[in-house]
Amino acid sequence: MSISINREKLKTYAFSILVPLLLGAAIGLLTSNSMENYDHLIKPALAPPPILFPVAWSILYALMGYSHGRLKWMRLDTPDTEIIYYAQLIVNLLWPILFFMLDWRLFAFAWIVLLDFLVITMTRRFYRKDKTAGLLQIPYCLWLIFASYLNLATYLLNQ
């Protein structure tokens with residue numbers, strides 16, 4: 001019985017973690033050729049080295065997935081948490097296309113503000129269901145605020 005439960009728990013968490021990680025990696029590959037444009041832009045103060053982005057996003061996607069998996073495993077997921085989780089994930093995955101591939105930097109800033117709102121809402125809903133699931137989203141919230149600054153500053157410096 002416990003082996004079966006552990007196997008099911010592992011499947012739940014693995015799926016929940018792999019979905020955002022794999023989708024994020026796919027978007028990273030899709031937009032990687034467009035990164036050459038970014039390399040030639042004027043960067044704002046505090047802009048981290050490019051190698052930090054895939055590392056940070058991998059950690060954030062893993063935390064996001066773990067948190068979602070935790071709600072699923074504990075049977076605390078509800079339609080409202082599922083909708084906000086997948087909505088923010090879709091908005092998240094479209095942002096690099098807007099910013100890097102299409103060079104729509106001002107629109108990308110509006111998009112990331114929408115993402116900020118969705119993730120803060122998701123974090124609050126997760127926290128109400130399970131404190132740990134909500135707290136695991138705080139690094140994501142903080143990174144998005146920083147990414148919003150980088151997006152806007154890059155737009156303003158390269159008009």
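Me: Leaving aside its neighbours within four places in sequence, which residues is N151 in contact with?

Reply: N151 is in contact with W95, F99, R105, A108, F109 and I112. Contact means heavy atoms within 4.5 Å. This is a predicted model, in which local features need pLDDT of at least 70 and side-chain atom pairs count only at pLDDT 80 or more, while totals for chains, interfaces and linings use all residues. Residues are numbered from 1 along each chain as its sequence is written, and side-chain values use heavy atoms, with hydrogens and water left out.

Me: Why is N151 called buried?

Reply: Buried means under 20% relative accessible area, exposed means over 50%, and partly exposed lies in between (1.4 Å probe, protein chains only). N151 has 1% relative accessibility, so N151 counts as buried. The residue sits in helix α7 (residues 138-157); helices are DSSP runs of H or I with at least four residues, numbered from the N terminus.

Me: What makes the pair N151 and W95 a polar contact?

Reply: The two side chains are 2.9 Å apart. A polar contact is a pair of N or O atoms within 3.5 Å; within protein, one must be able to donate a hydrogen and the other to accept it, and residues adjacent in sequence count only if both atoms are side-chain atoms. The N151 and W95 side chains make such a contact.

Me: Why is T31 called buried?

Reply: T31 has a relative accessible area of 5%, so T31 is buried. It lies in helix α1 (residues 2-31). Leaving aside neighbours within four places in sequence, T31 is in contact with P96, I97, F100 and M101.

Me: What makes D130 and R70 a salt bridge?

Reply: A salt bridge is a side-chain nitrogen of Lys or Arg within 4 Å of a carboxyl oxygen of Asp or Glu. For D130 and R70 the N to O distance is 2.4 Å, and their side chains meet in a salt bridge. D130 lies in the loop between α5 (105-129) and α6 (131-135) and R70 in helix α3 (residues 52-73), so the pair ties together parts 60 residues apart in sequence. Both residues are buried.

Me: What is the N to O distance in the salt bridge of D80 and R125?

Reply: The distance is 4.0 Å, and the side chains meet in a salt bridge. D80 lies in helix α4 (residues 79-101) and R125 in helix α5, so this pair ties together parts 45 residues apart in sequence. D80, at 31% relative accessible area, is partly exposed; R125, at 26%, is partly exposed.

Me: Is R105, which forms a salt bridge with D103, buried or exposed?

Reply: R105 has 9% relative accessibility, so R105 counts as buried. D103 has 35%, so D103 counts as partly exposed. The closest N and O atoms of this salt bridge are 3.0 Å apart.

Me: How many salt bridges does a search of the whole structure find?

Reply: The search finds six. K72, D77 and E82 are linked in a network of salt bridges.

Me: Which classes of residue make up the lining of the largest pocket?

Reply: The lining has 21 nonpolar, eight polar and no charged residues. Ala, Val, Leu, Ile, Met, Phe, Trp, Tyr, Cys and Pro count as nonpolar, Asp, Glu, Lys and Arg as charged, and the others, Gly among them, as polar.

Notes
Helices (H or I, at least four residues) and strands (E, at least two) are DSSP runs, numbered from the N terminus.
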